[in-house]
Amino acid sequence: MSTIDETLNEEVSSNFIHEIIDQDIADGFSRQIHTRFPPEPNGYLHIGSAKAIYINVSTAKKYGGLFNLRYDDTNPNKEDTEYVDSILRDLKWLGAEPTGGIYYGSDYFDKCYEYAIKLIKEGKAYVCDLTGDEVREYRGTLTQPGKESPYRNRSVEENLELFERMKNGEFADGTHTLRAKIDMASPNINMRDPVIYRISHTHHHRQGDKWCIYPLYDYAHPIQDALEGITHSLCSIEFENHRPLYDWVVDNIGFEAKPKQREFARLNVTYTVMSKRYLRQLVETGAVDGWDDPRMPTLCGLRRRGYTPSSIFNFVKMAGVAKSYSLVDIEMLEYCIRDELNQTAERRIAVTEPLKVTITNYPEGQCEYFEVANNPNNPDAGMRKIPFTKNIYVERSDFMEEPIPKFFRLKPGGEVRLMGAYIVRCDEVVKDADGNVIELRCSADLETKNGMPVDGRKVKGTIHWVSAEHAIDADIMMYNRLFTIPDLSDLGEDKTYNDYLNPDSVKKLTGCKLEPSIADAQPGERFQFVRMGYFCKDTKYDNTFNSIVGLKDTWAKVNK
């Protein structure tokens, strides 16, 4: 399995975006390819963001170009430095280094204002007094043209004066806007005199109180792209109808080197919501344990869950780059991390529901060590030693007093292999006053030590175990889907996301017993707990391990 650097260095499969660029180059395009990722710092990045990052980073890398990170911080009402910091942290974790630099949309406020003045002077923008509701009413519908604002034909001088007063803070929020003068009869509603500036007396996280007017994204973004030398502005498909406005801004401001906007389909994943607004709601209401809750689709949540950057980018590659809507099975993402960890994660033993077993014929106070492989798929991972003593713990589910057919684990009078150690036979079941099984008394065939009995009898079952004297106590968090239905794009009448929150999305297993070598595990370190699945040490809580993914892989069986 490739590392993250190897993933980005691998030859990138061609897609329709690269075909566009190839054609541009064939047509004589000579500028260095330059892409950008423009997240709004109003929440944490999620798995859908990873697709946009991968497309922009890998495209720049394929053509020997540059990649910028530019924060879209043009709306101070929703933005925060917490999100700014988290975005850069996630990009660095992914290995998506901004080779072209790190920028902020707010860096260009002076230029946006300067270009707005230019548009006003050329009769291409005007100050409008219509309220937000009136603007929407005047805009028309998909089948009916809009009607012109009564303020559309103000003189250049009046517009310049009003816009200056807007900038100086003389008007209340919502009383005036600056609109581009384009075409109220355009079949594209986005071209019907769109608002390009609004008043907002809001403190900005970087600009402070310097501004009380802020440019809208559709106006500011093409300016930022052009000033940074972006050649291909790659964005999600919902901006396709905004492309004519993007081009209008670039053309009418008069940039010589014109960036090209091209769109791709967003990444939609089953059992997952990508709305930052709703994810924020989950955090603020305490429905989850913060933005980095391992059930969240955020990159920090996936990181805390134990996913790797390479598994996420490999998932994006497998999902593909296209223009049409699709819903990708979350089991594909699980396959990617499972496939990687099968090769890289060291094995450890964890007993989640401990049942005491006493080996009656094993000497009191004696301890011996058995060698087991750290990873059977990787001989270079070496071996480790696990202690064996008279008292051990096994999984309670590995014993049945009245066994079902073909139950090859512990049962009264039955034999089983202790993984890597002896064969034992259950001789006695000890119960408490309420009839609950509290201990098994077993005898070991001390001649077996990793071998079969000398008399040739066959023992089919193998179970895992830990020494009671040496075991480490830990909690294990078992995570499931956050939602109960796969497709959350169609919730049904009078339904919300909350109606499909899974009440069993997390289960905390306390009092688990782990082999002693786990004591040195570092936060974020990943393991396979034998017979259970893949887990990582939590980065937030001590002595806690998070389930990453189970051992069973149904997706690969169906899709490969």
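This tour goes from aromatic rings to a helix, then on to the strands.

Before you click, note that this is a predicted model, where local features need pLDDT of at least 70, side-chain atom pairs count only at pLDDT 80 or more, and totals for chains, interfaces and linings use all residues. Numbering starts from 1 along each chain as its sequence is written, and side-chain values use heavy atoms, with hydrogens and water left out.

**Stop 1: the rings**

Show the side chains of Phe, Tyr and Trp. Two rings pair if their centres lie within 6.5 Å (for Trp, the six-membered ring is used); planes under 30 degrees apart are stacked, over 60 edge-to-face, and the rest tilted. The count by this rule is 24 aromatic pairs.

Select Tyr197 and Tyr219. Their ring centres are 5.8 Å apart with the planes at 55°, so this pair is tilted. Tyr197 belongs to strand β6 (residues 195–199) and Tyr219 to helix α8 (residues 217–228), so the pair links distant parts of the chain, 22 residues apart. Helices (H or I, at least four residues) and strands (E, at least two) are DSSP runs numbered from the N terminus. Buried or exposed? Tyr197 is buried, at 1% relative accessible area, and Tyr219 counts as buried at 1% too. (Buried is under 20% relative accessible area, exposed over 50%, partly exposed in between, using a 1.4 Å probe and protein chains only.)

Next, pick Tyr362 and Phe388, an edge-to-face pair with 5.1 Å between centres and 80° between planes. Tyr362 sits in the loop between β14 (354–359) and β15 (368–373), and Phe388 in strand β16 (residues 383–388), so the pair ties together parts 26 residues apart in sequence. Both Tyr362 and Phe388 are buried.

**Stop 2: charges over rings**

Here a charge sits over a ring if NZ of Lys or CZ of Arg is within 6 Å of the ring centre and within 35 degrees of the ring normal. Zoom to Tyr104: Arg206 lies over its face, 3.7 Å from the ring centre. Then try Tyr138, where Lys147 lies over the face at 4.5 Å from the ring centre.

**Stop 3: helix α5**

Select residues 109–121. The expected span is 1.5 Å times one less than the number of residues; for the 13 residues of α5 that gives 18 Å, and the end C-alpha atoms are 18 Å apart, which agrees. Buried residues in α5 include Phe109, Tyr113 and Ile117. Just after α5, Gly123 has a positive phi of about 75°.

**Stop 4: strand β20 and its partners**

Move to residues 437–445. Seven of the nine residues of β20 are buried, so this strand is largely enclosed by the rest of the structure. Strands pair if DSSP finds at least two bridges between them. Four bridges join β14 to β20, running parallel, with Lys356 opposite Glu439. Eight bridges join strand β19 (residues 423–431) to β20, this time antiparallel, and Val424 stands opposite Ala444. β19 and β20 make a hairpin with five residues between them, and Gly435 in the turn has a positive phi of about 85°.

**Stop 5: the open sheet**

Finish with the seven strands in the order β12-β25-β26-β27-β23-β24-β13, an open sheet with mixed pairing. At its edges, β12 (346–348) and β13 (350–351) each have a single partner strand, so one side of each is left without a neighbour in the sheet.
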